[in-house]
Amino acid sequence: MSKTVKLRKGLDIRLLGVANKIKTVAALPETIAIKPTDFHGMVPKMVAKEGDHVRMGDVIFHDKYNEKIKYASPASGTVQSVVRGAKRKIMAVVIKLDAEQNFEGGTPIDVSSMSGDQVKEKLLASGLWPFIKQRPIDIVANPDNEPKAIFISAFDSSPLAPDYDYVLHGRSKEFQAGLDALTKLTSGKVHVTLNDNAPADETFTGAQGVEINKIRGKHPAGNVGTQIHHFDPINKGEFVWVVNAQDVAIIGRYFLTGVYNLKRKIAITGSELKDPHYVDTIIGANVSVILDGQITTDNVRIISGNVLTGEKIENDGYLGFYDNQITVIPEGDELKFVMTKGWMSPGLDKFSNNRLLLSAWFGGNKRYRMDTNTNGEERAFVITGELEKVFPFDILPMQLTKAAITDDIDGMENLGIYEVAPEDFALCEYVCTSKINIQDKIRQGLDLIHKECM
Amino acid sequence: MEPKFAKGGKLEKWNPVFESFSTLAFTPAEVTKKGAHIRDGVDLKRTMMTVIIALVPCLLFGIYNTGHWEMVAQYGNRDLPFWDHQWDKIWEGLKVVLPLVVVSYGVGLTIEFIFGIIKGHSLHEGFLVSGLLIPLIMPADVPLWMVGVATAFAVIIGKEIFGGTGMNILNVALTARAFLFFGYPTSMSGDKVWMNTLGDRLANGAENLDGFSGATALGDLATFMTDQATVAGQVITDKAAVMTAYTNNYSLMDSIIGNIPGSIGETSMIACLIGALVLIATGVGSFRIMASFFAGGYIMGILLNALGGNAYLDLPAHFHLAIGGFAFGAVFMATDPVTAAQTATGKIIYGLLGGMIAIMIRVLNPAYPEGVMLAILFMNVMAPIIDHYVVQANIKRRLKRLKTA
């Protein structure tokens, strides 16, 4: 039974720099990197060593505590360096690509005749498994758990997000093959949630063997966490797996061709780009090739992902494993004089969810160039009710955040920590007048729950 | 200049003070490090400034009204036209109100800075509003030293020992008022506190002061409990006559406009409602609390009317909303986000009960002519309990889902 949910809460942050629906193909970069930090909580155990030659799909490292989960090289090349951070934590494995790359020549794998366990084995062995994440905790799924459902969001509602209808247009075969594989993994349903605000591409509307629901509203309507909460909420002890829509197509492509091919279409967005558009590239690509000649100002922040949940990277940083977009916005590391740009300014040039700035009254539907300034200093929670306005869950966001801050395990369990991921709190963090890093607090809470209760 | 205040610098200890002033002038160059890369354009300074803007109508009207009653007392003429001698009245009002504001901010901010230096954090903005609220809920003739002592008490005991802005249980401004109310009752209510020169003139045997008590509307109302009033030297006991005598002094229109004696900022319902409009339009003040607070007061008024008995109980419910500090309390005090209930449902219950209790105390307890302050302080204490039950309801919904699943 298909359902439609309407959300009243939420917020669309109107940023400048939406990607035009023009596609270019980026040349393969010289280096790519797999960043263990993309997989929260995972401790990598290196398999390949520095200087080793690896082929596309060869294992680079696996999860130290679950050797079945393997992380593979997206292309052939030589392991150039293992970048380590504090306490010798592995931050990235950089691979220098061979001049010749071959993404052809596999044998198709017939999913329909396979059992769930066989599909699971295939995904684990191929290195595609990390695309499947689990709720609660929001980490790479543990293959030993039985998910009660698998959720796929057919759209991304975050600021400047890529349009999946455009990205996956004409790839219904791959998408369907991915869905076929995923349906084998659960005894429950696979949910594909469409955007009710706009007609969806036939890739999604034509999906077979899955439950199609619709959701209407502002961001975070496209967050899979919101959708799970409204269609099949998670209770303690239950697991739901989630896969990004484009990653479903990547999984499908693997079964259709037999080749481990991590090519992906991403959007390059943001106010500091000459020409925001879509690019065909590969996961882990060095972004310097993609952004070459695109950045218009000097002092910018490059984000792999969107402005709410993405990760800051350098000019020659690498595209994150799960990211479908790169955002470039100005850094805000300059003083702002109180009357013109600071707290007493009219605020016509600032976007806000509150009605305290004139932009809320006279700004219309204008899009804004926002920088990374915090626009104020961190304070204790003072204002109440503002987080609730952007949090479309039957969960009390402030109370849950406080429980997370105080390491109150019972409180977190009672208040619904199992249903949320840090990204669900991204908007809360954005609107917080007291500038508290709520996503980080929720992540710490989830880590504690993971350690103590699971 | 900055390096001197930085860590290891000569004036390191004073860094919180330096930081407070520098952040007043410039929003710092701080950028996001974790989580969301962009943040809303609003910070706590902006929020607090909006509350101060909302308070401006009350402040301006308070200055004028105070000046008016000062002049009334000087001339000994209750019928002095309200809108005459505007400049004199503004001057007289400023002479009273400005020192109060200066003392309140001076004492409060000094203490905040001392705590800031001890704890090593810059000034948190909460007191910017409290510092203006305190003079507005003081009687015009309160001695300045009392305001200083009360402010110090409120900031230290009411706020800082709990951890500062955002951590306090009781509304800071009301704590200051409650401190004076119980510590120096004769200076806070009664007949003599509203016009300082009046007491002297009476003592000197001034004439032509018949029918002129110098009390507030609420003070006069409280004497209704005995079912009598003194009009032109004659004691009247008839209920209807008492009512007429009262409305002669304080018509509903006077109470709404606010040209009656009372605490500096509270008298004008119109000024309060302008403030309410600002707070609601900008989303800073909770509409839920304001509306339910007024509703609670009105419901209680009607209940008391139904009960009946004496002139005070029979006072029409809408009078209650206009007189005393009810509107001011509902708009500026009850909505303090730190001390009010924090959940959406909780806010409605909190406001409703607060309004009801305010009128209940006002009418049924002759010792306290004004119940708003006590009602809000009481609800401040009760707010966590209200929230607790709202949160429990949320938890139960989740557990129920687990059972049916």
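Student: How far apart are the C-alpha centres of domain 1 and domain 2 of chain A?
Tutor: They lie 22 Å apart. Keep in mind that this is a predicted model, in which local features need pLDDT of at least 70 and side-chain atom pairs count only at pLDDT 80 or more, while totals for chains, interfaces and linings use all residues. Residues are numbered from 1 along each chain as its sequence is written, chains are lettered from A and ligands numbered from 1 in the order in which they are written, and side-chain values use heavy atoms, with hydrogens and water left out.

Student: Okay, and which residues make up the domains of chain A?
Tutor: Domain 1 is 1-26 + 116-332, domain 2 is 27-97 and domain 3 is 386-453. Those bounds come from an automatic or database domain assignment.

Student: How many residues of domain 1 and domain 2 of chain A are in contact?
Tutor: Domain 1 of chain A brings 30 residues and domain 2 of chain A brings 21. Contact here means heavy atoms within 4.5 Å.

Student: What area is buried between those two domains of chain A?
Tutor: About 2,100 Å², with carbon and sulfur atoms giving 62% of it. Buried area is the accessible area (1.4 Å probe) that two parts lose on being put together, summed over both. In domain 1 of chain A, the residues that lose the most area to domain 2 are A:Tyr260, A:Ile282 and A:Tyr318, together 25% of what that side buries.

Student: How many salt bridges are there across that interface in chain A?
Tutor: The rule finds 2 between domain 1 and domain 2 of chain A, a salt bridge being a side-chain nitrogen of Lys or Arg within 4 Å of a carboxyl oxygen of Asp or Glu. The side chains of A:Lys35 and A:Glu311 meet in a salt bridge, at 3.8 Å from N to O.

Student: Let's switch to the strands. What does S8(A) pair with?
Tutor: With S5(A) (residues 53-54), S8(A) (residues 77-84) pairs in the antiparallel sense over 2 bridges. S8(A) is also joined to S9(A) (residues 90-97), again antiparallel, by 7 bridges. Two strands pair if DSSP finds at least two bridges between them. Helices (H or I, at least four residues) and strands (E, at least two) are DSSP runs, numbered from the N terminus.

Student: Which residues stand opposite A:Thr78?
Tutor: A:His53 stands opposite A:Thr78, and A:Thr78 stands opposite A:Lys96 in S9(A).

Student: And which residue takes a positive phi in the hairpin of S8(A) and S9(A)?
Tutor: A:Lys87, with phi near 55°; the hairpin has 5 residues between the strands.

Student: Now the two chains together. What do chain A and chain B bury between them?
Tutor: About 5,600 Å², 54% of it on carbon and sulfur atoms. A:Trp343, A:Leu356 and A:Arg379 supply 16% of the area that chain A buries against chain B, more than any other three residues. The contact takes 74 residues from chain A and 52 residues from chain B.

Student: How many salt bridges and polar contacts link the chains?
Tutor: The count of salt bridges between chain A and chain B is 7. The side chains of A:Asp394 and B:Arg397 meet in a salt bridge at 2.7 Å, N to O. For polar contact, the rule finds 39 residue pairs across the interface of chain A and chain B, both residues at pLDDT 80 or more. A polar contact is a pair of N or O atoms within 3.5 Å; within protein, one must be able to donate a hydrogen and the other to accept it, and residues adjacent in sequence count only if both atoms are side-chain atoms.

Student: Where do strands of the two chains join?
Tutor: S21(A) and S1(B) (residues 26-27) run antiparallel and are joined by 2 bridges. A:Phe337 stands opposite B:Phe26 in S1(B).

Student: Last one: how is chain B divided into domains?
Tutor: Domain 1 is 2-27 + 43-198, and domain 2 is 217-260 + 286-404. Their contact takes 25 residues from domain 1 of chain B and 20 from domain 2 of chain B. Between them, these two domains of chain B bury about 1,900 Å², 74% of it on carbon and sulfur atoms.

Student: How many salt bridges lie between the domains of chain B?
Tutor: The count there is 0, while 5 residue pairs are in polar contact across the interface of domain 1 and domain 2 of chain B.
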